[in-house]
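This note concerns the pockets of the structure shown below. Please read each point with the structure in view.

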Amino acid sequence: AQIGFVPGSSKLVAYSSPVLMGRILILDYRTGTVVGQHAVPQIVRSMSLSSDGLALAIGGTAGSVFVVSREIDNAYVEVKGHDGPVVSVAYSADNAVVHSVSYATLMSWSVKSMVRRANSTAPMKLLFDPLSKTEE
């Protein structure tokens, strides 16, 4: 299961669990009321909210990274590049880049490019892959 407070809100949390099958619920934790939800076509393995609370990065069990953003009417954009489950996603401090990890492979994705190109297949930069001969 994954949970995170929605930045800028004192009462909202984003929550997902494998039993929700790719759904993320936005809950008012004080009342237990679902105030919003998003769905992606993979079980959610990891998630991270942008610091401004306007976007959500999601790591899927089949190796995709998804971004849900108000810029794209709360629809999701999917990028592929990992060979296994995306166990961690995190926004950069300025929310411009999403970093993702699968096994020991670390990738970085430009959020602006993701929003512009919904079917991107290559990361902005592959930062570390222990099976590769070269690293940056």
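1. A pocket is an open set of grid points with protein on both sides within 12 Å along at least five of seven lines, and its lining residues have an atom within 4 Å of a point. The model examined here is predicted.

2. The second largest pocket holds about 210 Å³ of space. Its lining is made up of 14 residues, and those nearest its centre are Ala55, Ser69, Glu71, Asn95 and Val111.

3. Which elements each supply at least two residues to the lining of the second largest pocket? They are strand 7 (64-69) and helix 1 (111-116). Helix 1 gives the largest share, three residues.

4. Sorted by class, the lining of the second largest pocket comprises seven nonpolar, four charged and three polar residues.

5. The volume of the largest pocket is about 260 Å³. Among the 15 residues lining the largest pocket, Ile26, His38, Gly53, Arg70 and Asn74 are the closest to its centre.

6. Two or more residues of the lining of the largest pocket come from strand 4 (33-39), and strand 6 (55-60) likewise gives two or more. The largest share belongs to strand 4, which contributes four residues.

Notes
Residues are numbered from 1 along each chain as its sequence is written. This is a predicted model: local features need pLDDT of at least 70, side-chain atom pairs count only at pLDDT 80 or more; totals for chains, interfaces and linings use all residues. Side-chain values use heavy atoms; hydrogens and water are left out. On a 1 Å grid over the protein atoms alone, a cavity is a set of points where a 1.4 Å probe fits but cannot get out, and a pocket is an open set with protein on both sides within 12 Å along at least five of seven lines; lining residues have an atom within 4 Å of a point. Grid points are joined across faces, edges and corners, and a volume is the space filled by probe spheres set on the points. Ala, Val, Leu, Ile, Met, Phe, Trp, Tyr, Cys and Pro count as nonpolar, Asp, Glu, Lys and Arg as charged, and the others, Gly among them, as polar.
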